[in-house]
Amino acid sequence: MVRDVVVFPDRRLKRVCIPVGEPGPAARRLAQDLRDTAAAFPRTTGIAAPQVGELWRMCFIDCTESPRVPDPLGPIVMIDPVLTRYDGDEVGREGCLSLPQITANVQRGTEIGVRYMDPEGRQHEVSASGFEARVILHEMDHLDGILILDRVRSLTLDVYPRKRRK
């Protein structure tokens with residue numbers, strides 16, 4: 001089911017999410033809702049549970065259509081993700097469904113490792129680099145109540161009005 005996206009300044013976006021633990025039917029429904037909601041927004045590469053109003057540690061990543069990711073991990077739901085490795089730093093422009101009017105320059109790692117559970121309860125560990133690492137870190141930030149505005153060096157110099165696509 002496609003859900004409404006929570007938009008800043010909604011307080012849920014600033015809350016730390018609770019762990020899911022062993023996923024049950026409600027977690028699997030939320031996982032599908034995240035997939036459906038992301039699909040409703042063209043060019044979206046990720047969405048986190050608090051962006052649809054659920055304060056669970058779950059996010060959906062899909063860089064399969066991004067030309068910036070030559071070998072994507074594929075569409076994946078990450079439950080209770082944990083960062084296991086973080087290397088490099090690079091500033092890049094990011095947008096966010098919950099901040100639809102702006103984009104911002106954000107510094108992120110260029111090589112990461114993440115351990116997570118899928119909706120069936122299986123454990124995984126993946127490595128990601130470049131843009132896909134940026135997407136994963138962005139969505140994991142949502143699980144800790146962190147927005148791109150919290151990551152910019154300067155609200156004056158690093159935040160831009162979003163360009164309207166025709």
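# A tour of the predicted model

Start at Pro 9, which sits in the segment before α1. Helices (H or I, at least four residues) and strands (E, at least two) are DSSP runs, numbered from the N terminus. Select Phe 8 together with Pro 9: the peptide bond between them is cis, with omega at about 20°. Most peptide bonds are trans, and most residues other than glycine have a negative phi.

Before moving on, note that this is a predicted model, in which local features need pLDDT of at least 70, side-chain atom pairs count only at pLDDT 80 or more, and totals for chains, interfaces and linings use all residues. Residues are numbered from 1 along each chain as its sequence is written, and side-chain values use heavy atoms, with hydrogens and water left out.

**Arg 3.** Stay in the segment before α1 (25-39) and select Arg 3. Its side chain makes a polar contact of 2.9 Å with the side chain of Asp 33. A polar contact is a pair of N or O atoms within 3.5 Å; within protein, one must be able to donate a hydrogen and the other to accept it, and residues adjacent in sequence count only if both atoms are side-chain atoms. Show the surroundings of Arg 3 next: not counting residues up to four places away in sequence, Arg 3 touches Leu 30, Asp 33, Thr 37, Val 52 and Glu 54. Contact here means heavy atoms within 4.5 Å.

**The two backbone angles.** Select Arg 43, in the loop between α1 and β1 (46-48). Arg 43 is not a glycine, yet has a positive phi of about 70°. Then select Asp 80 in strand β3, which is not a glycine either and has a positive phi of about 50°. Is Arg 43 buried or exposed? Arg 43 counts as exposed because its relative accessibility is 61%, whereas Asp 80, at 17%, counts as buried. The cut-offs are under 20% relative accessible area for buried, over 50% for exposed, and partly exposed in between (1.4 Å probe, protein chains only).

**The largest pocket.** By class, the lining has 16 nonpolar, nine polar and twelve charged residues. Ala, Val, Leu, Ile, Met, Phe, Trp, Tyr, Cys and Pro count as nonpolar, Asp, Glu, Lys and Arg as charged, and the others, Gly among them, as polar.

A pocket is found on a 1 Å grid over the protein atoms alone, as an open set of points where a 1.4 Å probe fits, with protein on both sides within 12 Å along at least five of seven lines; lining residues have an atom within 4 Å of a point. Grid points are joined across faces, edges and corners, and a volume is the space filled by probe spheres set on the points.

**The second largest pocket.** Its volume is about 170 Å³. To display the lining, select Arg 57, Leu 83, Tyr 86, Gln 107, Arg 108, Gly 109, Leu 137, Met 140, Asp 141, Asp 144 and Arg 151. At least two residues each come from β3 (76-87), β5 (102-108) and α2, with the largest share, three residues, from α2. Four of the lining residues are nonpolar, two polar and five charged.

**Asn 105.** Follow β5 to Asn 105. Asn 105 is buried, with a relative accessible area of 18%. Its side chain is joined to that of Arg 93 by a polar contact of 3.1 Å. Beyond four places in sequence, the contacts of Asn 105 are Val 91, Gly 92, Arg 93, Val 152, Asp 158 and Tyr 160.

**The cysteines.** Select Cys 59 in strand β2 (residues 58-61). Cys 59 is buried at 0% relative accessible area, and Cys 17 is buried at 4%. The whole structure has zero disulfides, a disulfide being a pair of cysteine sulfur atoms within 2.5 Å. The residues touching Cys 59 from beyond four places in sequence include Leu 34, Ile 47 and Glu 139.

**Ser 129.** End in strand β7 (residues 123-129) at Ser 129. At 38% relative accessibility, Ser 129 counts as partly exposed. Neighbours within four places aside, Ser 129 is in contact with Thr 110 and Glu 111.
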